[in-house]
Amino acid sequence: MSNESLANLLKEERRFAPPAELAANANVTAAAYEQAKADRLGFWAAQARRLSWAKEPTETLDWSNPPFAKWFKDGELNVAYNCVDRHVEAGLGDRTAIHFEGEPGDSRTITYAELQREVSKAANALTELGVEKGDRVAIYMPMIPETVVAMLACARLGAPHSVVFGGFSADALATRIEDADARVVITSDGGYRRGKPSALKPAVDDAVARVDSVRHVLVVRRTGQDVAWTEGRDVWWHEVVDRQPETHEAQPMAAEHPLFILYTSGTTGKPKGILHTSGGYLTQVSYTHHAVFDLKPETDVFWCTADVGWVTGHSYIVYGPLSNGATQVLYEGTPDTPHQGRWWEVVQKYGVTIFYTAPTAIRACMKWGDDIPAKFDLSSLRLLGSVGEPINPEAWMWYRKHIGADKTPIVDTWWQTETGGIMISPLPGVTETKPGSAQVPLPGISATVVDDEANEVPDGGGGYLVLTEPWPSMLRTIWGDDQRYQDTYWSRFQDKYFAGDGAKKDDDGDIWLLGRVDDVMLVSGHNISTTEVESALVSHPKVAEAAVVGATDPQTTQAICAFVILRGGAEEVDGLVEELRSHVAKALGPIAKPKRILPVAELPKTRSGKIMRRLLRDVAENRQVGDVTTLADSTVMDLIQAKLPSAS
Ligand code: WT7
C-alpha cells in the first residue's frame, strides 16, 4: 500500500452505526467485551459450553509451556458429532444444512439428517480403507458436498485432514502429501470451472506416484470425464461409500486431538503445515460465527464464497456454520460463469441473508459494473463480511451501496490460517464501522500494535500487529517442526505472537491492517518484495545467497538493504557492490536497487534453516542486535557486525 493511500486511510471519516433493529436483536452486545475483560478464561470456558462435550473440560488453558498451548485439555468431544448429529438429535434433522449450487446449474439440498447419513457412510468407508484415528488424509477436491462430507468423516474418525486447494499443482500436492505422510487421498475426477470440466485426478496420479505413503485414492465422480485407474489403489466413492451402513458411532476425542493440517505457502522455504486441534478450534469458530455474523440459525441463509481449500472455508463453511446448525450455500464455480451476475443470482435464488467474501472479488465486481448486481433482488441480505486482505475504503463503500442497499453492516474480519478463527472485527450490533478498518479485537482476544522494540504504540501510531494472549483456535505448532513454530511466530517479540502484518492504530485506538511486513518493503511509495530482490541478487553469477530487509529510512520510508554471501572464490573486489546494485536495477527496475549491499560470510539462520531477518534489520538500522539464542550458530552475528564499518 502506498504512503498516499495509507494517509488517506487514516483520514477516513465516514462512520456507520449498526442498524437499530440488528442492534436490538444482536446475538452479542457490548457486555461481552466487559465480561471477557473481567475474566478472559472464564469467558472462553463459557463459550466452550456452546458445544456438546462427551467429557466436560475442567481446565480452560494450560500455558505452562509457552508457546505450546493446551485448551480444555481434559475435555473430550467429537467435532463431527457437534457439527451434525447433535442437531439431528435436537429435532432439526429436516433443516437444510447445504444448498449446493453446481457451476453448470445443477443443485442439491442436503438436510442435517442426510448429512448425518452421508458422513456416517463416508466414515465407515474410510474405516474399510484402513484409516484409523491419527492417520492423515489428504483431500483434493472441487467445491461439492462430498468435500464437506469427507472432512467431517475424517473429523469423526479423528483422522486429521489436510485439504489441498484444487487449484494447486501436482508438485504442491506431492509436497503436502509427503510432509503430512497421508495414507489416503480423497479426490474427484474433476470439477466445473469457468464453464468446463477441469480435471483433478491426473494431478493426484502424478503426486501419488512420487510418494510412498498413499495406500488408497478415493474418487468422487463429479464431471464424468475419463480417468486413469490404478487397480487396488483407486476406489470410486460411489462404489465404497454408497453401500456402507448409514449409522456410525462417533467416538469422543481429546480436546487437543489434531483436527487438521493446512499448509500456508509463505514466501520462503517449504510450506508450513499449520496444525489445528479439536476443542479450542471448534469453540472459537463456533463462537465467532455466532458473534460476528449474528447468525440466527432458524432464519438466516449464510454464504461464504471461499474455497474449502483455504482456512476461510474450513472455519466458515464447514466447522463454524455447521456447529451452529446454519443453513448455507455451497457454490462450486467462479463468480462470472456463465455471466457476471452469477453470485447475485445465487443470493436471489436462496434468499441469502449473510454474505462473506474477499476484497479481490469485490473489486472484480466493481469493475464489472454497478448495473450487474442491480438486476437482482438482493433485499434478503442483512449482513456483509470481508476477509483476506485490507479492504480499501472505496471497495467497502461500493460493497455497502451496491450489494448492501446502503444499509447492511459490513464486518471486516482480520485473521489468518494460523489464528484458525476471526480475531479482529466489528461486532455488527455494537460497533460503529469505519470503511477500511477491522477495528477491534473480539471479546476474549488480545491484540495490539507494537514498534520495533515491542513497545505498544500510542493511538495514532504504527508498527506491527501482535496478539498478546493465547486464544482457543490458535495453531498448536507447525506440523513436525516445533522450532520453526517458535521462530516464525514467537521470537520476534518476546512472549507475543507476531502476526507478520503491519498495522496502525487510529486516534480512537481502532486497528487498521496494512499488509504483510516480512515480504514487502515500502520504498518511496512502492511495494517491493524482499523475495524478488533476493532472487534478483542470487541470479548474479557471483552471489550464492542473499537476504534482504527494509530498513527505516527518513527519505524513502524504507531503504533496501541486502546481505549477500559470495560464491566460493569470488573476491570482494572494488566495484562489485555497484555491479550487484545495477544488476538488481536491471532485473527489477531502478526503484528496487538496494541502497546498501553488504557481503558477509554467513547469514543468521535458525536450526531449521530460516533466515532471521529481524537480526539483519537490527544491523541495517544500526541497533544493538536482539536475541540470538535461537540461532544455529550465534557467532554469525559477530562476524556480520565486524564487517559493518566497511558498509556503504
Ligand atoms: C493474512 C492471512 C483469514 C483467512 C484468509 C487469509 C491478511 C486477512 C484481513 C483483513 C487485512 C487481512 C493478513 C493476514 N488478511 N484478513 N480483514 N484485513 N488483512 O488467510 O492466507 O492465512 O492470510 O491475510 O495479511 O496475515 P491467510
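The model is a predicted one, in which local features need pLDDT of at least 70 and side-chain atom pairs count only at pLDDT 80 or more, while totals for chains, interfaces and linings use all residues. I number residues from 1 along each chain as its sequence is written. For the model scores I noted ipTM 0.99 and pTM 0.83. Over residues 1–8 the pLDDT stays under 50, and for this stretch I found nine contacts beyond four places in sequence, a contact being two residues whose C-beta atoms, placed from the backbone, lie within 7 Å.

**Helices 11 and 12**

I take helices (H or I, at least four residues) and strands (E, at least two) as DSSP runs, numbered from the N terminus. Helix 11 (residues 279–292) and helix 12 (residues 311–323) have axes that come within 8 Å and cross at roughly 85 degrees, which makes helix 11 roughly perpendicular to helix 12. The axes are lines fitted to C-alpha atoms, for helices over the stretch in contact, with angles from 0 to 180 degrees between N-to-C directions; under 35 degrees counts as roughly parallel, over 145 as roughly antiparallel, 65 to 115 as roughly perpendicular and the rest as oblique. From helix 11, Leu282, Val285, Ser286, Thr288 and His289 meet a set in helix 12 that includes Tyr316, Tyr319 and Pro321.

**The ligand**

I found 21 residues surrounding the ligand, the closest being Pro390, Trp414, Gln416, Thr417 and Leu513; a residue is near a molecule or strand if its C-beta atom, placed from the backbone, lies within 6 Å of it. Helix 12, strand 24 (497–505) and strand 25 (511–516) are the elements that give two or more residues to this shell. The shell has nine nonpolar, eight polar and four charged residues.

**Asp506**

In the loop between strand 24 and strand 25 I located Asp506, which counts as partly exposed because it has 18 C-beta neighbours inside 10 Å. A residue is buried if 20 or more other C-beta atoms, placed from the backbone, lie within 10 Å of its own, exposed if 12 or fewer, and partly exposed in between. Asp336 is 170 residues from Asp506 along the chain, and their C-alpha atoms are separated by 37 Å.

**Helix 13**

Which residues of helix 13 (residues 342–350) are buried? I noted Arg342, Trp343, Trp344, Val346, Val347 and Tyr350, and their cover includes strand 4 (96–101), strand 17 (327–331) and helix 15 (371–374). Just after this helix, Gly351 takes a positive phi of about 65 degrees. In the loop between strand 17 and helix 13 I found Pro338, whose peptide bond from Thr337 is cis, with omega near 0 degrees.

**Other backbone entries**

Pro66 and Pro67 are also joined by a cis peptide bond, with omega about 0 degrees. Asp181, in the loop between helix 8 (170–180) and strand 8 (184–188), has a positive phi of about 55 degrees although it is not a glycine.

Key
pLDDT is the predictor's confidence in each residue, from 0 to 100. Ala, Val, Leu, Ile, Met, Phe, Trp, Tyr, Cys and Pro count as nonpolar, Asp, Glu, Lys and Arg as charged, and the others, Gly among them, as polar.
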